[in-house]
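Visitor: I have just opened this entry and would like a short tour. Could you take me through it step by step?

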Amino acid sequence: MEAPPSRVLHIRKLPNETSESEVIALGLPFGKVTNILTLKGKNQAFLELGTEEAAITMINYYSTVTPHVRNVPVFIQYSNHKQLKTDSGNQRAQAVLQAVSAVQGGGTPTSGSIVDLTAASSPVLRIIIDNMFYPVTLDVLQQIFSKFGTVMKIITFTKNNQFQALLQFNDPPTAQQAKIALDGQNIYNSCCTLRIDYSKLVNLNVKYNNDKSRDYTRPELPAGDGQPAMDPNMAAAFQGKDSNSLLGGLSPLNAAAAAAAAAGRVALSGHSGSSGVLLASNLNEEMVTPQSLFTLFGVYGDAQRVKILYNKKDSALIQMADANQAQLAMSHLNGQKMHGKAIRVALSKHTSVQLPRDGLDDQGLTKDFTNSPLHRFKKPGSKNFQNIFPPTTTLHLSNIPEQFGQIQVVFQCVQPSSLPRDHKMALLQMSTVEEAIQGLIDLHNYNMGDNHHLRVSFSKSTI
């Protein structure tokens, strides 16, 4: 029998070593957190919110979006307790609560010993997106972070093959509250994890308003050379007093989910109704095959069908599992060299790839991979979500058999600049990105014998 609504919530199946601040972060977006009790031996906790209404809002939200702590799903329900009474031995938890209360009240924490809760000296946050399986845009970040206060400026960039951003609030306490609540949270389920630190910068210098940078206090800034300009309606909205109006009355985590859902619409603007079909052109028609395209595009999503066009064999349609996977593959593969030619990848007007009619021989130009066992992302929460990188010169190999000598024969076809030395996993450094792409196509799922099929992906590491 379910307990009636209460401002005390019972949280179960927490990962080992979960901190008090991580538990508090689950409830912080919904209202004031007034008490916490962690039962670390049982991987459980009790969280007391300021009002019963806040607890109901939190339960309702997490009934539709699974809460995660350290990428592990946790379970939240009403407690039979109506109030938490904790003894003086719970000093650390009380210190964390004191720090959070100071931030919520606009002050600064008094306890300097609490990790991640020390006073922020800068209103600028440095944000890194880990496991970026789906696109994250500047507008998505604005929608997520603006629920905590006024976002003044954002600059996005890519460093070490990772999407990063600098985001400036109007004051340090607001930045601190956003960091406490959002650090470690997933924008999407099991991926796009926010890693947040304070920046050494105290002010951002934004020169252009476009898809890479934005100064919301100066909507008149130019777009810069070759960059899409800020939408005039968006600029007008941010000139108003309520910069949070785009999110309505949603809680911050609700806003994060809404922003994530909108990311596809932002990235795919002008292509409403897209079902995830890509058009790849400028292919090497002498060498390209449906299988090679399936393997390459399969690094960024589960390719369902591939069709090389009969009357234009340097072009192909690739149907991904959804529009977000198509966007991810397009952003990473457009302009990359495959079989000696820089391929072009764009969204197709087609909504699906049609299979040949029964009895019609299309010379093997169309392949259906719907039930392929090689799909990397069909299992929710798969580790493959954590290993998505742009094409690089380094390949990550796994499932290597113990008899190491056999693998060297395989590598002769791609001429690596260095050979792996580990048994089950290895890094393989290629001379160019084009060689690495060819190596991935040739080696992924290569049968090493004894049911050992090589698994290959791009790596952000270098040897």
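Guide: In α4, the buried residues are Leu 138, Asp 139, Val 140, Leu 141, Gln 142, Gln 143, Ile 144 and Phe 145. Please keep in mind that this is a predicted model.

Visitor: How many residues of helix α4 are buried, out of how many?

Guide: Eight of its eight residues are buried, and the helix, which spans residues 138–145, is mostly covered.

Visitor: Let us take Phe 145. Is Phe 145 buried or exposed?

Guide: Phe 145, which lies in helix α4, has a relative accessible area of 0%, so it is buried.

Visitor: Which residues is Phe 145 in contact with, leaving aside its neighbours within four places in sequence?

Guide: Phe 145 is then in contact with Leu 125, Ile 127, Val 151, Leu 167, Phe 169, Ala 178, Leu 182, Leu 194 and Ile 196. As for distances, the C-alpha atoms of Phe 145 and Gln 168 are 10.0 Å apart in space, while the two residues are 23 apart in sequence.

Visitor: Now the chain overall. How many helices and strands does the chain have?

Guide: The chain has eleven helices and 22 strands. Of its 463 residues, 51% count as buried.

Visitor: And what share of the contacts comes from residues 24 or more positions apart?

Guide: Such pairs account for 69% of the contacts in the chain with a separation of 6 or more.

Visitor: What is the mean pLDDT of the chain?

Guide: The mean pLDDT is 76, and 74% of the residues reach 70 or more.

Visitor: Where does pLDDT stay under 50?

Guide: One such stretch is residues 228–274, for which the model has 72 contacts beyond four places in sequence. Another is residues 405–422, with 40 contacts beyond four places in sequence. Where pLDDT is low, the predicted coordinates should not be read in detail.

Visitor: Let us move to a pair of helices. How is the packing of two helices described?

Guide: One gives the angle between their axes and the distance between the axes.

Visitor: What are those values for α8 and α11?

Guide: The axes of helix α8, residues 290–297, and helix α11, residues 433–443, come within 9 Å and cross at roughly 110°. That makes α8 roughly perpendicular to α11. The crossing in which α8 passes α11 is right-handed.

Visitor: Which residues meet there?

Guide: From α8, Ser 292, Thr 295 and Leu 296 meet Ile 437, Leu 440 and Ile 441 of α11. By class, this contact of α8 with α11 has four nonpolar residues, two polar residues and no charged residues.

Visitor: What does His 332 touch, not counting residues up to four places away in sequence?

Guide: His 332 touches Tyr 300, Pro 390 and Pro 391. His 332 and Tyr 300 are 32 residues apart in sequence, and their C-alpha atoms are 8.2 Å apart in space.

Visitor: I would like to look at loops next. In which loop is Phe 377?

Guide: Phe 377 is in the loop between β19 (366–368) and β20 (394–398).

Visitor: Is Phe 377 buried or exposed?

Guide: Phe 377 counts as buried, because its relative accessibility is 7%. Phe 377 and Val 299 are 78 residues apart in sequence, with 9.2 Å between their C-alpha atoms.

Visitor: And Asp 450, buried or exposed?

Guide: Asp 450 counts as exposed, because its relative accessibility is 65%. Asp 450 is found in the loop between α11 and β22 (455–458). The C-alpha atoms of Asp 450 and Pro 401 are separated by 8.4 Å, and these residues are 49 apart along the chain.

Visitor: One last topic, backbone angles. What is phi of Glu 17?

Guide: Phi of Glu 17 is near 65°, a positive value in a residue other than glycine. Glu 17 lies in the loop between β1 (8–12) and α1 (20–27), and Glu 17 is exposed, with a relative accessible area of 65%.

Visitor: What about phi of Asn 43?

Guide: Phi of Asn 43 is near 55°, also a positive value in a residue other than glycine. Asn 43 is in the loop between β2 (33–39) and β3 (44–49).

Terms used: Residues are numbered from 1 along each chain as its sequence is written. This is a predicted model: local features need pLDDT of at least 70, side-chain atom pairs count only at pLDDT 80 or more; totals for chains, interfaces and linings use all residues. Side-chain values use heavy atoms; hydrogens and water are left out. Axes are lines fitted to C-alpha atoms, for helices over the stretch in contact, and angles run from 0 to 180 degrees between N-to-C directions. Helices (H or I, at least four residues) and strands (E, at least two) are DSSP runs, numbered from the N terminus. Angles under 35 degrees count as roughly parallel, over 145 as roughly antiparallel, 65 to 115 as roughly perpendicular and the rest as oblique. A crossing is left-handed if the near helix is turned anticlockwise from the far one by less than a right angle, and right-handed if clockwise. Contact means heavy atoms within 4.5 Å. Ala, Val, Leu, Ile, Met, Phe, Trp, Tyr, Cys and Pro count as nonpolar, Asp, Glu, Lys and Arg as charged, and the others, Gly among them, as polar. pLDDT is the predictor's confidence in each residue, from 0 to 100. Buried means under 20% relative accessible area, exposed over 50%, partly exposed in between (1.4 Å probe, protein chains only).
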